Amino acid sequence: MNKTELIGVMAEAAGISRDQAKLALEAFTDNVTASLTRGRDVRLVGFGSFIAVERKAGTARNPQTGEAIARPASRTARFRVGEGLKSALNG
């Protein structure tokens, strides 16, 4: 499912217009991004958690040449699946 399809499904399920669903989805993603940027996790009970994590500097390899490349430290986001979503996926 892509963003356009998700907006359509959200609009139909909530009984709102596609424009309103688009605004809601953008508000959600903007606020998750802002929270993670500030180092705050976003937890949706039963669904999962978006977590900001620090990656240490390290060494990577160029898959074509095998050459070692220094990888700088960085921040990234992870998603941990909640029990409700996990149960839905497994059964």
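Let's start inside: leaving out residues up to four places away in sequence, Ala 21 touches Ile 7, Met 10, Ala 11 and Ile 16, where a contact means heavy atoms within 4.5 Å. Ala 21 sits in helix H2, and helices here are DSSP runs of H or I with at least four residues, strands are runs of E with at least two, and both are numbered from the N terminus. With a relative accessibility of 0%, Ala 21 counts as buried. For that label, buried means under 20% relative accessible area, exposed means over 50%, and partly exposed is in between, using a 1.4 Å probe and protein chains only. Gly 8 is 13 residues from Ala 21 in sequence, and their C-alpha atoms are 7.6 Å apart in space.

A word on what you are looking at: this is a predicted model, in which local features need pLDDT of at least 70 and side-chain atom pairs count only at pLDDT 80 or more, while totals for chains, interfaces and linings use all residues. Residues are numbered from 1 along each chain as its sequence is written, and side-chain values use heavy atoms, with hydrogens and water left out.

Now step back to the whole chain. It has three helices and five strands, and from the N terminus on they run α-α-β-β-β-β-β-α. The C-alpha atoms fill a box of roughly 55 × 30 × 30 Å along the principal axes. The radius of gyration is 18 Å, whereas a compact globule of 91 residues would have one near 12 Å; the radius is taken over C-alpha atoms, and the globule rule is 2.2 Å times the number of residues to the power 0.38. Of the 91 residues, 16% count as buried. Among contacts with a separation of 6 or more, 31% come from residues 24 or more positions apart.

Back to helix H2, which covers residues 18–37 and also holds Ser 35. Ser 35 has a relative accessible area of 14%, so it is buried. Setting aside residues up to four places away in sequence, Ser 35 touches Arg 40 and Val 42.

Val 42 turns up again with another serine, Ser 49: not counting residues up to four places away in sequence, Ser 49 touches Val 42, Arg 43, Arg 78, Phe 79 and Arg 80. Ser 49 is part of strand S2 and is buried too, because its relative accessibility is 12%.

Next come the aromatics. The structure holds three aromatic pairs, meaning rings of Phe, Tyr and Trp (its six-membered ring) whose centres lie within 6.5 Å; planes under 30 degrees apart count as stacked, over 60 as edge-to-face and the rest as tilted. In one of them, the ring centres of Phe 28 and Phe 50 are 6.3 Å apart and the planes meet at 65°, so this pair is edge-to-face. Since Phe 28 lies in helix H2 and Phe 50 in strand S2 (residues 48–55), the pair ties together parts that are 22 residues apart in sequence. Phe 28 itself is partly exposed, because its relative accessibility is 36%. Phe 28, Phe 47, Phe 50 and Phe 79 form one aromatic cluster.

Finally, look at Glu 83 in helix H3 (residues 83–89). Its relative accessible area is 58%, so Glu 83 is exposed. Glu 83 and Leu 23 are 60 residues apart in sequence, with 28 Å between their C-alpha atoms.
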